[in-house]
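Subject: A structure to look at

Hello,

Here is the structure I promised to pass on to you. Please open it first, and then read on for what turned up in it.

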Amino acid sequence: MAPRANWKGFLRLSLVTCPVALYPATSESEKVSFNQLNRKTGHRIKYAKVDADTGEEVDNEDIVKGYKVDTDTFIEVTKEELENVALESTRTIEIDEFVDRSEIDPRYLIRPYYLRPDGKVGHDAFAVIRETIREMNKVAIGRVVLTNRQHIIALEPLDKGLMGTLLRYPYEVRSADEYFDDIQDVKVTKDMLDLAKHIVNQKAGHFEPDKFEDQYETALIDLINQKRAGKPITAKARPRGENVVDLMDALRKSIGRDATGPTEAPKKTAKKSRKAAAGQKEMLMPITGKRTAKEGAAKKPAPKPQRKSA
């Protein structure tokens with residue numbers, strides 16, 4: 001079942017308008033998440049909203065937003081006052097201009113969304129806008145209001161729909177100068193570049209997201225399964241970085257190391273990783289305690305932990 005739309009309104013290109021819905025293109029809900037517990041009781045921690053001066057809990061209906069002027073002075077702003085801020089883009093994505101995709105600095109990208117027609121009407125107008133952007137090989141730039149904030153959104157065709165990527169404003173992007181000014185100017189020799197390029201060619205491939213496995217997520221699942229089974233937890237040795245004394249020697253050794261093994265090895269590794277990544281959800285099954293009758297009969301029950309929260 002598709003997730004609920006984050007936003008519904010209209011997409012407009014000059015006088016061409018159609019109703020659309022905006023959906024999140026990514027999700028974090030499949031990742032392993034933890035609750036905070038009281039170490040002594042094993043009970044979950046509950047957060048309460050309290051008055052900073054009196055220490056008394058405050059009901060949600062008595063909480064308003066405030067802008068801090070100085071240490072003890074705030075300007076209160078009500079929900080109604082915020083809703084009265086007139087922004088046309090609250091219900092309309094107005095396409096302002098078209099730019100080349102290469103002109104959008106990656107630092108400005110925030111998160112992707114899927115944009116599709118909302119309801120049975122407007123599919124023709126949506127298709128006209130989508131195919132125009134596709135034929136012109138451009139990215140449409142517009143504005144949209146989400147969670148009471150106006151965002152820049154970049155629209156580009158994706159299959160039968162549009163992908164909208166929220167963009168940051170210039171004041172939200174830090175200048176690189178303060179981080180890169182202290183980097184030394186180093187003259188890289190042609191020999192070093194040739195060796196490094198050879199390593200790159202050995203590792204050249206195609207971007208296939210399915211072959212990547214979230215190794216940290218897998219390790220978390222393994223840790224939880226071991227604790228459920230009452231097995232002892234042993235710390236694994238951490239990899240240690242080594243200082244490169246002779247850069248040319250390190251480059252030559254890298255070429256020798258990457259060249260070992262049969263030519264087909266990378267493809268086999270990719271298939272293995274792809275299989276592991278695809279089965280990552282199945283690895284969560286032991287955590288929820290789901291097990292077939294045959295598996296339950298074959299395996300001895302794991303010793304119960306002292307607390308259910310372990």
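**What was found**

Arg12 has a relative accessibility of 23%, so it counts as partly exposed. Please keep in mind that this is a predicted model.

What does Arg12 form a salt bridge with? Its partner is Glu94, and the closest N and O atoms of the two are 2.6 Å apart. This pair ties together distant parts of the chain, since Arg12 sits in strand S1 and Glu94 in strand S5, 82 residues apart. Is Glu94 buried or exposed? Glu94 counts as buried because its relative accessibility is 17%, and the cut-off for buried is under 20%.

S1 (residues 7–13) runs antiparallel to strand S2 (residues 16–24), and 7 bridges join them. The two strands form a hairpin with 2 residues between them. In that turn, Ser14 has a positive phi of about 60°. S1 also pairs with S5 (residues 92–99), this time in the parallel sense and over 3 bridges. Leu11 lets you see both pairings: it stands opposite Cys18 in S2, and its bridge partner in S5 is Ile93.

Now for the other salt bridges. A search of the whole structure finds 11 of them. Here are two within helices:

- In helix H2 (residues 123–136), Arg134 and Glu131 lie 3 residues apart, about one turn of the helix. Their side chains meet in a salt bridge at 3.3 Å, N to O. Arg134 is partly exposed, with a relative accessible area of 35%, and Glu131 is also partly exposed, at 28%.
- In helix H6 (residues 247–259), Asp249 forms a salt bridge with Lys253, and the closest N and O atoms are 3.3 Å apart. Asp249 is partly exposed, with a relative accessible area of 31%, whereas Lys253 is exposed at 57%. The two are separated by about one helical turn, because they are 4 residues apart in H6.

Finally, have a look at the surface. Which residues gather in a patch of negative charge there? They are Asp51, Asp53, Glu56, Asp70 and Asp72. Of these, Glu56 is found in the loop between S2 and strand S3 (65–70). Glu56 is exposed, with a relative accessible area of 55%.

How values were computed
Residues are numbered from 1 along each chain as its sequence is written. This is a predicted model: local features need pLDDT of at least 70, side-chain atom pairs count only at pLDDT 80 or more; totals for chains, interfaces and linings use all residues. Side-chain values use heavy atoms; hydrogens and water are left out. Two strands pair if DSSP finds at least two bridges between them. Patches are made of residues with over 30% relative accessible area and no salt bridge: like charges are joined within 9 Å, nonpolar side chains (Val, Leu, Ile, Met, Phe, Trp, Tyr) within 5 Å. Accessible areas come from the Shrake-Rupley method with a 1.4 Å probe; for residues, only the protein chains shown count as cover. A salt bridge is a side-chain nitrogen of Lys or Arg within 4 Å of a carboxyl oxygen of Asp or Glu. Lys and Arg count as positive and Asp and Glu as negative; His and the chain ends are not counted. The place of a charge is taken as NZ of Lys, CZ of Arg, CG of Asp or CD of Glu. Buried means under 20% relative accessible area, exposed over 50%, partly exposed in between (1.4 Å probe, protein chains only).
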